[in-house]
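Thank you all for coming.

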Amino acid sequence: MRRVFGITGWKNSGKTTLTEKLVAELVRRGWTVSTVKHAHHDFDIDKPGADSFRHRQAGATEVAVVSGRRWALMHELRNEDEPSLDDILSRLVPSDIVLVEGYKREAHRKIEARRLEAKDRTPLSINDPNIVAVAADFPVEGESLPVFDLDDTKSLADFIERATGLVAPGK
């Protein structure tokens, strides 16, 4: 069974910073962590002029870039549909937990990040029963879910460990 836990929220709600801090904290605790980041816009991790970019421009569907330190696989969808989260998760090597940033509409447990500076402050938890907690940089009143300070990474990591059954060896 793969442990999957999400961080969701509106644009500029602090999702990426929270994900980054949670990865660092969970790794510090000895867990192996993978992440999936959903992008709603066209993005490119490649640079024009790079050999791999030229391979894709020539029509390659998949291009693997490999070195002694890391490797990356880029897949051009061409006329395919965007893969589902489950499709992406099935391609990842095993890890103790996968943190998923974004994917508001998927049915995995999530923390909703809220910031005063977010593009929209409408609570997502109202319409998403998979949101199990809120992390905010302002006081949240009238919320029935557990509420954490957006910067309280340790308590959020504790919550995720409990929610996913991630238990340290010997405990």
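I will talk about the aromatic rings, then the nonpolar cores, and then a cavity.

What you see is a predicted model, in which local features need pLDDT of at least 70 and side-chain atom pairs count only at pLDDT 80 or more, while totals for chains, interfaces and linings use all residues. Residues are numbered from 1 along each chain as its sequence is written, and side-chain values use heavy atoms, with hydrogens and water left out.

Let me start with the rings. A search of the whole structure finds two aromatic pairs, where rings of Phe, Tyr and Trp (its six-membered ring) pair if their centres lie within 6.5 Å, and planes under 30 degrees apart count as stacked, over 60 as edge-to-face and the rest as tilted. F5 and F159 make an edge-to-face pair, with 6.5 Å from centre to centre and 80° between the planes. This pair links distant parts of the chain, since F5 sits in strand β1 (residues 4-8) and F159 in helix α4 (residues 153-164), 154 residues apart; helices (H or I, at least four residues) and strands (E, at least two) are DSSP runs, numbered from the N terminus. F5, F148 and F159 form one aromatic cluster.

Are F5 and F159 buried or exposed? F5 counts as buried because its relative accessibility is 0%, and F159 counts as buried because its value is 13%, where buried means under 20% relative accessible area, exposed over 50%, and partly exposed in between (1.4 Å probe, protein chains only).

Now to the cores. A nonpolar core is a set of buried Ala, Val, Leu, Ile, Met, Phe, Trp, Tyr and Cys residues joined through side-chain atoms within 4.5 Å. The largest one has 19 residues, and among those that touch the most other members are F5, L18 and L156. Helix α4 gives the largest share of this core, four residues. A second, separate core of seven residues includes V4, L85, V98 and V100.

Finally, which residues line the largest cavity? Among them are W10, S13, E112, R114 and F138, and lining residues have an atom within 4 Å of a point, where, on a 1 Å grid over the protein atoms alone, a cavity is a set of points where a 1.4 Å probe fits but cannot get out. The volume of this cavity is about 50 Å³, a volume being the space filled by probe spheres set on the points, which are joined across faces, edges and corners.

How values were computed. On a 1 Å grid over the protein atoms alone, a cavity is a set of points where a 1.4 Å probe fits but cannot get out, and a pocket is an open set with protein on both sides within 12 Å along at least five of seven lines; lining residues have an atom within 4 Å of a point.
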